[in-house]
Each structure stands twice: as structure tokens, then as C-alpha cells.
Amino acid sequence: MPLWIGSYETEQGAGSGSFRCTAVPRSPEDTAPRSPLPGSATPARSPQAQSDSQPARAVTGELPVILAITGASGAPYGVRLLEMLAVHHVPTWLLVSSHGWRLLTEECGIKDDRELKKATGGEWTSVRVFDDKDRGAEPASGSAKTTGMVICPCSMGTVAAIAHGTSRSLIERAADVVLKERRTLILVPRETPLSLVHLRNLTLATEAGAVVLPAAPGFYHKPQQVRDLVDFVVQRVLDHLGLDINLVRRWEGK
């Protein structure tokens, strides 16, 4: 299956370019799923992974990860993260807001669940999709156990709702639940510059227990393409979820 990832294209003779998600061929080693179950055979590794990487596993066993995609620019981050969770069979509860779907369409040409499934490897046996309008669904209750939640990308409107506990949608209610249950909540904002309102809301969310992980890739791993930058951020998210999945070469101090 191809990888849907961002590419930057400049029109001939024009002074500006356009960013779009395109299908990039992948090697079998890059997409081989890793079983989250202890004792499973060691699977093939990504060419960029460290040589000592281990099979992917969810630290909390079979508890699901809630993944939400909202309307902040940065759809490739959410698509790549979902792909990694799906191909490694990590139980995932997927929530996409209405603005999130618009984002996926504008930046990746993905219009519905079918196209999103295809773009993330086509294997969704571990993925459940919830309607963001259904505030009574499982993610809305603390009695439904989860590993935690990631909002990637996370719009500043969503940050504000979480910071002030308004819970207008299932995504916002699920985030509220994750905080009150003292579980891991990772927010991946993609906004610049940040206003004082943004900074204060991010501070409130952090004080409430959230992890603010901006979509700000580093360059010490010497990225060669946009995909390398996306993987840098996705790797950090996976690390904070406690999942042993290696996408990029780690810093060794050399």
C-alpha cells in the first residue's frame, strides 16, 4: 500500500507552491505490522529504525488509545499516526471532527472512512470509528477504560474547549474524561505564531495534566524528505503513549 504523505510542489515559473498529500511507495519492511502481544516473533523493522528496536507493544495491554483528528493544519501527522497504530494492531478509537474531515480532504484528498482506511494501510481490525456528534458514546465515560488520548492535529479551538471544560463534542468530552481520570492526554497543536490567548489555554491544559507536544519537528536526524519530518513528530507521540515502535534514528550523542 502507498503512504499518504505531504509533498511540496512549485508551479513552473510561479513564486508560490502548494502542499498536498501524495502516495509514496513503501517497502515491505516499512509497513510490516508488529504484534503488541508479549512473546510474539520479532517483525521486520523500518529502515530508519534503530537496530535494537523491539516488537511494538501497548504498555497497558489491550486498552484502546483514543485518536482524534481536528481542524488544525497538519493532516499528514494524524494520518501517519493512525497508520502506525493500525498496522501494529494497537486498539484504537478514532474520532474525526467535521473540521477534521475538511482538513483531511484539503490536505490529503481523503473524504471518508473508506479512503482514510486505504491511506493507512487498509487493515482496521483494531480500529473503531465513533461519530464526534455522539456525546454518549463509550469515550464519553470514565468507566470505559483507555490507555489515554491523542488529538493530532489539535486546533486552538479544541485546546480552548479542553482548557475550559466546555465539552461541546465527543472529542472534547473524551479529553475532559481522560483528564479527570488522570490518564495520558497528548495535544499536538500546529499553530504559529501563538497569541497570548493560545498560550494561556495551553498552560491551563498543561496544568490540568495534558502533554502539549507541538508539531515542531527537529532536524538532527538529517531529514531528506517531508515524510522524515512527519515521522519525527509521530515518533514523539508514540513514545509518550509508551508504544515501542521506532520510526526515526534516535539521538546517540555522537
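Predicted model: local features only at pLDDT ≥ 70, side-chain atom pairs only at ≥ 80, totals over all residues.

Q: What is the handedness of the crossover from β3 to β4, and what does the term mean?
A: From β3 the chain passes through helix α2 (residues 75-87) to β4, and this β-α-β crossover is right-handed. The term means that, with the strands pointing away from the viewer, the path from the first strand over the helix to the second runs clockwise.

Q: Why is β6 also called a partner of β3?
A: β3 and strand β6 (residues 148-154) share four bridges in the parallel sense, and at least two are required, so the strands pair. Within this pairing, L67 stands opposite V150 in β6.

Q: How do you know that β3 is mostly covered?
A: A residue is buried under 20% relative accessible area, exposed over 50%, and partly exposed in between (1.4 Å probe, protein chains only). Five of the five residues of β3 are buried. Both faces are covered, with V65, L67 and I69 on one side and I66 and A68 on the other. For the chain of 254 residues, the buried share is 50%.

Q: Why is R80 called buried?
A: R80 has 0% relative accessibility, and the limit is under 20%, so R80 is buried. E83 is buried as well.

Q: What makes the contact between R80 and E83 a salt bridge?
A: A salt bridge requires a side-chain nitrogen of Lys or Arg within 4 Å of a carboxyl oxygen of Asp or Glu. The closest N and O atoms of R80 and E83 are 2.8 Å apart, so the pair qualifies. Both residues lie in helix α2, three residues apart, which is about one turn of the helix.

Q: How do you know that R80 and D231 form a salt bridge, and which parts of the chain does the pair link?
A: The closest N and O atoms of R80 and D231 are 2.7 Å apart, and the limit is 4 Å, so this is a salt bridge. The pair links distant parts of the chain, R80 in helix α2 and D231 in helix α8 (residues 226-240), 151 residues apart. D231 has a relative accessible area of 1% and is therefore buried.

Q: Why does the pair R227 and D231 count as a salt bridge?
A: The N to O distance is 3.8 Å, and the limit is 4 Å, so the pair counts. R227 and D231 lie four residues apart in helix α8, about one turn of the helix. R227 is buried because its relative accessibility is 10%, against a limit of under 20%. R80, E83, R227 and D231 are linked in a network of salt bridges.

Q: What conventions apply to these values?
A: Residues are numbered from 1 along each chain as its sequence is written, and side-chain values use heavy atoms, leaving out hydrogens and water. Local features need pLDDT of at least 70, side-chain atom pairs count only at pLDDT 80 or more, and totals for chains, interfaces and linings use all residues.
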